[in-house]
Amino acid sequence: MKTIFRTADGSDTVFDSGLHCHYHSINGAFTESQHVFILNGFDRCAPGRQAVRIFEVGLGTGLNALLTACRAAEHPNLMVSYHAIEAEPLALHLAGQLNYPDFLGTEETKNLFYKLHQVPWDQCIALLPNFCFRKIQADFLSWCPDAAYDLIYHDAFAPGDQPELWTHDAIQTMRNALDCGGILSSYCAKGSFRRTLRACGFEVMRLPGPPGKREMTLATAI
Ligand SMILES: C[S@@+](CC[C@H](N)C(=O)[O-])C[C@H]1O[C@@H](n2cnc3c(N)ncnc32)[C@H](O)[C@@H]1O
């Protein structure tokens, strides 16, 4: 069963009682997404580019997609294409209870959040003039990339809860989907994850983590 949980910064996440997992850090869902994927993912990847192609592993609540669309809106000359895979989409009624629209505040954000949950799956939809969004309803483990990417948000459940998304094969699939110089960002700081990244052709950097985590990982495809 999935329920809404209020995290320490006042933003919501989802708790899956079957897996016994939260979708974000309980120390702050918004703070974690903003730190790991926007400040240390998007903001590191975008400078100097006219276009950024992003792939997210685990769309979940749509918070990373929403924050990325908000950031894209600040860069109207940058074309952002955002593909997100999700094996078990959240029910719309649950997504509708998440407090992100109120937490983030503006009318534009509210509209974006509802739209990103309501748009059809497996179609590219322009949510903003410079933000094209495609939700892929599929299991990452049987996914074959049909596009190349500049940035991957690896936001699956933690290796201890979902080891199959952190194996050599899974990380190699992500590496193969990135162009050289592309970036993978993750909240995970485990040594085994970093070793797997190196073995799959990434250069690995440790960065300070969001509240409650000493470090996060940023990997560049070489
Ligand atoms: C940690 S939560 C993701 C949080 C999400 N990025 C967000 O902002 O809400 C992990 C997500 O990955 C999805 N997931 C788990 N296994 C998957 C798989 N094999 N393929 C695709 N998605 C998967 C889960 O259903 C869940 O939505």
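**Notebook: loops, a strand and the ligand**

I started with A148, which I found in the loop between β7 (131–137) and β8 (149–154). Strands here are DSSP runs of E with at least two residues, helices are runs of H or I with at least four, and both are numbered from the N terminus. I kept in mind that this is a predicted model, where local features need pLDDT of at least 70, side-chain atom pairs count only at pLDDT 80 or more, and totals for chains, interfaces and linings use all residues. Residues are numbered from 1 along each chain as its sequence is written, and side-chain values use heavy atoms, with hydrogens and water left out.

The classes are buried (under 20% relative accessible area), exposed (over 50%) and partly exposed (in between), with a 1.4 Å probe and protein chains only.

Next I looked up R53. A148 and R53 are 95 residues apart along the chain, yet their C-alpha atoms are separated by 7.5 Å. R53 lies in strand β4, residues 51–57. R53 has a relative accessible area of 27%, so R53 is partly exposed. I also checked R53 against L218: they are 165 residues apart in sequence and 17 Å apart in space, C-alpha to C-alpha.

**Entry: I26**

I found I26 in the loop between β3 (21–22) and α1 (29–45). I26 is partly exposed, because its relative accessible area is 42%. The C-alpha atoms of I26 and L127 are separated by 29 Å, and the two residues are 101 apart along the chain.

Most residues other than glycine have a negative phi. I looked up two residues with a positive one.

H20 is not a glycine, but its phi is positive, about 60°. H20 sits in the loop between β2 (12–16) and β3. Its relative accessibility is 61%, so H20 counts as exposed.

D122 is also not a glycine, and its phi is positive, near 60°. Where is D122? I placed D122 in the loop between α5 (107–118) and β6 (125–128). D122 is partly exposed, because its relative accessible area is 42%. D122 and K135 are 13 residues apart along the chain, and their C-alpha atoms are separated by 5.5 Å.

**Entry: the ligand**

How many residues surround the ligand? I read off 20, and the closest are G58, T61, E86, D155 and Q162.

Then I looked up distances to nitrogen atoms of the ligand. For G58, a backbone N or O atom lies 2.6 Å from a ligand nitrogen. For D155, an N or O atom in the side chain is 2.7 Å from a ligand nitrogen. For E56, a polar side-chain atom lies 2.8 Å from a ligand nitrogen. Taken alone the ligand exposes 600 Å², and the protein buries 95% of that. These areas come from the Shrake-Rupley method with a 1.4 Å probe.

Technical notes: Near = heavy atom within 4 Å. Polar contact = N/O pair within 3.5 Å; in protein donor to acceptor, adjacent residues only side chain to side chain.
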